[in-house]
Amino acid sequence: MKVASQIVLGLTASSVADLEEFCAPIRRLEGGTPARDPPVFNPISAPYQDPTQPTWFRVEDLLSRMPLREKQAQLMQGELERWVNFETGEFNVTGMKDHMFYHSSMLRVSHPLTTAEIAFKGGKLLQDWIMNDTSLSLPAIIQCEGIHGLGVPGATIFTSPIGLGASWNPELVGKAAEYIGKEARALGITQIYGPSADLARDPRHGRVEESMSEDPYLAGEMVASFIQGLKRSKVASIVKHLVAFGNSDQGLDMGPVRGGERELRTTYLPPFKRGVDAGAYTVMSSYNAYDGVPSLINKHLLTDILRGEWDFEYWTTTDYGAPDRLCSVFKMCHSDPIDAADVTMKMLPAGGDTEGGGSFNYDAIPDLVQDGTLDISIVDEAVRRVLRAKFDMGLFEDPFPAAAPEDWPNLIHTDEALQIATQLDRESIVLLENPEQILPLGENVQRIAVIGPFADTVNYGDYTVSPPPGVSPLEGIRRTAPVGVQVYHAKGCDEWSNDESQIPEALHLAKSSDVAVVVVGTWARSLLGQQKGLNATSGEAYDTNDLRLVGAQSSLLRQVIETGVKTVVVFSSGKPVTEPWISETNAALLQQFYTSENGGQALAEILFGHYNPSGRLPLTFPRDTGSLPLTYDYLKSGRDSNNPGHINKDGIHFGRSYVTGTPTPWYEFGYGQSYSEFEYFDVKVDKTHVKSTENVKVTVKVKNTSSQDGWEVVQLYIVDPISSVVIPNKQLKAFKKVLVKSGETVQVEFDVDVKLLGLWNTEMRYVVEQGEFIAHVARNAGDFRGNSSFLVV
């Protein structure tokens, strides 16, 4: 048994013994995985209990046996906090039965105060009662947060989703999800609230860090890999939040989104489609309204598209407390009290199958059916979708697949999981500036000043629970610095304060050093910190109208750079920071999105050249907040920058677009430098004339012209020069992350499915129009290195 892992999980020898007694009978099978003894059996024998029968048959058999009350229960989520005292760990079994009797389809074990032990005990208590003491033995789905690590203390924390996107490595993201699934399943958790298929197209929004990209294609690839990784661990996903969440008026949380059908289908829906195709069991609707229709009652989304066009056969759910917003916020029904019957009649017929936690309007279902307001066939169809998922997830055969507590140290927070987390940290760090080749730090560096409010802390993202201390940038640098190199530290300022009284100490330290590493940025809060309302500059419901550094951070940074000492700036953040003046200095600049607990170690390895930077920006970095929204795939006719203005030390130069600025970004989508240099050449397509049902192969040769091996992210953008409607000026359609050794040349191939190059025409039909398409091979959205054309005939 790993003592260190026990400590991380909050276990002691006595608590392990208590758990073993509590969870008996769970025993280890020699040479196999832990199993239940005696095996769970259902009190009745019926065809739906026979795993050899097809799913559709089992569903119909079970549905025919279910009373209305049981059908209602299958459309509602129960909440652990209603029958557990998180401070004492005591469970109210009577309260569990009273609450879960009507809300037994799912159990949400996520809570700011939850623990692995409480989640495990709660799930086991519920499943034992359901499977052994209820008439039909319909297992519950045990659910937990997990967008970048399982939402219990002691689980492995990975870089935030925006950092996952910055890795441009879907395979590695899938491995991270696989470990999240393993840790979940060890506690009996069978479904994760994730991944997020939201697009980070407005960095003012607090939840940018929870999205993987601004781009539909990159986000879709990451979403699909995440879902498939969970599935390999036999854990289901909930892809969220359908649709356009985070792109609201003024960047405000849960705000309305303005848009039309073409934008919906071109931009917002593709990553969700990719998630459904990858095997998502659940789609969660968003809090917001799109084009005036709240997502949770949008029949066009939930039924016409999701079911009719995409053939999604499983179930939809709502976000926490979202149904009540129909009355309280959208003013579509009476809110004092909430008109539960009206909410139900708006949601369920539209395709809103289940009601997530925080509201219980579906308690009205029995009365609505009995008085003839609600057709029972609508209820039955929603229940079918839930049951279909439960059968296909294998819950009837293995309702609580937890490991014995003594096995948790071998399954949760393992060395293998930490290795994946650390590698993701390495691969997601983006080198933005290195004008004087300060990086990697060389042998001439003997004294290093590590400065900034985030220098001696691990800057985790939101949706963490009791995060561990981890390896800070300061500790990582001290561990990695060559023998004899002296490392000093000064905070310089607090992240949340305008007080500059600590800056002189930092300047004194910088002046006496060979290099200053200044770590500044944004910060988020854990689930408990959010609940307490602690300050933050990113995270759920922490939106901002200014992307510049908060408080004294910018002043600290300027003054350190002005000392003339070689400076490396590290943005430690969950979103873009707009301080474009840095590019006019000699400072090097790195972007590190919220990290795992080994983020400081990964950063140090980049600084000292042990790892060559390979991260690329998954979203556009604007120069200022006034330029927003700003994305690389703007519609044709957008982003006119023929006559920009500017303000500098010589005065004001007035322009037209903008008068004193430019609509162009600070850093383009896909941008990122390397310690290596790459040359692109010989771009070819294997066909010059193709049909819309065919594929076209695009090839390019990439040579590493430097003395250092490096990873390059080769990006393929497609441009449709002439189209019948206004479309994005360019669209990412493929990418590959490849290792190119010093002096070597590799050929990179992209197999492009031509039917994915279509548009939604004036009749709102998806068509691939005939004519020329240009395949551009690029280092980023603003740096095309070569192209070749083909005609669709």
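The structure is a predicted model, in which local features need pLDDT of at least 70 and side-chain atom pairs count only at pLDDT 80 or more, while totals for chains, interfaces and linings use all residues. Residues are numbered from 1 along each chain as its sequence is written, and side-chain values use heavy atoms, with hydrogens and water left out.

**Cysteines**

Let us start with the disulfide (a pair of cysteine sulfur atoms within 2.5 Å). There is one disulfide, and it joins Cys327 to Cys333 with an S to S distance of 2.0 Å. The link of Cys327 and Cys333 is left-handed, with -100° about the S-S bond.

| Residue | Relative accessibility | Class |
|---|---|---|
| Cys327 | 1% | buried |
| Cys333 | 12% | buried |
| Cys144 | 0% | buried |
| Cys493 | 0% | buried |

An automatic or database domain assignment gives domain 1 (46-409), domain 2 (421-643) and domain 3 (678-792). The C-alpha centres of domain 1 and domain 3 lie 36 Å apart. In contact (heavy atoms within 4.5 Å) are 12 residues of domain 1 and 15 residues of domain 3. Between these domains, about 1200 Å² is buried, and carbon and sulfur atoms give 69% of that area. Buried area here is the accessible area (1.4 Å probe) that two parts lose on being put together, summed over both. Trp168, Tyr217 and Arg262 supply 57% of the area that domain 1 buries against domain 3, more than any other three residues.

Technical notes: Buried means under 20% relative accessible area, exposed over 50%, partly exposed in between (1.4 Å probe, protein chains only).
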